[in-house]
Amino acid sequence: MSVDALDTRILRLLLEQPRTSVREYARILGVARGTLQARLDRMEREGVITGTGPSLSPAALGHPVLAFVHVEVTQGHLDDVGDALAAVPEIVEAFSITGAGDLLARVVGRDNAHLEDVIQKLISLPGVVRTRTEVALRERVPYRLLPLVESVGRADRD
């Protein structure tokens with residue numbers, strides 16, 4: 001999908017002011033509400049906009065420890081292990097990867113001891129051969145998409 005300058009401005013507003021109404025977005029951008037809604041609908045349909053829920057902080061929910069766990073899986077069991085990971089509440093996301101390991105999971109814990117308990121749970125899952133854990137010390141670049149959106153928008157104008 002091509003993102004033009006208006007789409008970029010819309011996405012910027014969604015990221016910077018997520019609790020604003022469609023009517024207010026249209027007023028700020030100087031476009032008709034119907035135009036704005038049509039753009040939002042198209043970007044949702046095409047998968048550019050994938051959600052509208054709030055961003056939550058695991059740390060504020062009592063889970064300040066963050067680790068990335070590489071999981072090596074027995075051949076042929078990737079789907080089974082992926083399903084088992086989805087049943088562990090402390091795993092906030094997981095990806096199939098290339099390189100060392102088969103899956104990479106973002107895991108949160110209340111403290112290091114709790115993190116160890118979660119990792120022990122992962123190790124005991126059928127199909128898991130081994131894990132390797134890296135504990136995050138400090139977030140240096142928070143999850144963000146605005147610089148990418150602006151880059152895509154600039155590329156469209158070039």
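Me: Which residues does H70 touch, leaving out those up to four places away in sequence?
Reply: In this predicted model, H70 touches I97, A100, L103 and L104, and also R130, T131, R132 and E134.

Me: And where is H70 found?
Reply: H70 is found in strand 1.

Me: Is H70 buried or exposed?
Reply: Buried: the relative accessible area of H70 is 13%, and the cut-off for buried is under 20%.

Me: OK, switching to L36. Where is that one found?
Reply: L36 is found in helix 3.

Me: Buried or exposed?
Reply: L36 counts as buried, because its relative accessibility is 0%.

Me: What does L36 touch, again skipping residues up to four places away in sequence?
Reply: The list for L36 is I10, V22, Y25, A26, L29 and V31.

Me: How many residues apart in sequence are Q37 and R144, and what's the gap in space?
Reply: Q37 and R144 are 107 residues apart in sequence, with 24 Å from C-alpha to C-alpha.

Me: New topic: D7. Which helix is D7 found in?
Reply: D7 is in helix 1, which covers residues 5–16.

Me: Is D7 buried or exposed?
Reply: D7 is buried, since its relative accessible area is 1%.

Me: Which side chain does the D7 side chain make a polar contact with?
Reply: The partner is R39: the two side chains make a polar contact at 2.8 Å.

Me: Now V48. Where is its place?
Reply: V48 sits in the loop between helix 3 (33–45) and strand 1 (65–73).

Me: Why does V48 count as partly exposed?
Reply: Because its relative accessibility is 35%, and partly exposed lies between the 20% limit for buried and the 50% limit for exposed.

Me: Let's zoom out. How many helices and strands are there in the protein chain?
Reply: The chain has 6 helices and 4 strands. From the N terminus on, the elements run α-α-α-β-α-β-β-α-β-α.

Me: What radius of gyration does the chain have, against a compact globule of 158 residues?
Reply: The chain has 20 Å, whereas a compact globule of 158 residues would be near 15 Å. The C-alpha trace spans about 55 × 35 × 25 Å along its principal axes.

Me: What share of the residues count as buried?
Reply: 28% of the 158 residues count as buried.

Me: And the accessible surface, what does that come to?
Reply: About 10,500 Å², with 52% of that belonging to carbon and sulfur atoms.

Me: What share of the contacts with a separation of 6 or more comes from residues 24 or more positions apart?
Reply: Such residues account for 68% of those contacts.

Me: Last one: how many positive and negative charges are there?
Reply: The chain has 19 positive and 22 negative charges, and their mean positions are 9 Å apart.

Key. Residues numbered from 1 in each chain as written. Predicted model: local features only at pLDDT ≥ 70, side-chain atom pairs only at ≥ 80, totals over all residues. Heavy atoms only, no water. Helix = DSSP H or I, 4+ residues; strand = E, 2+ residues; numbered from the N terminus. Buried < 20%, exposed > 50% of the residue type's maximum accessible area, 1.4 Å probe, protein only. Polar contact = N/O pair within 3.5 Å; in protein donor to acceptor, adjacent residues only side chain to side chain. Rg over C-alpha atoms; globule rule 2.2 N^0.38 Å. Contact = heavy atoms within 4.5 Å. Areas by Shrake-Rupley, 256 points an atom, 1.4 Å probe, with all protein chains shown as cover. Lys, Arg positive; Asp, Glu negative; His and termini not counted. Charge placed at Lys NZ, Arg CZ, Asp CG, Glu CD.
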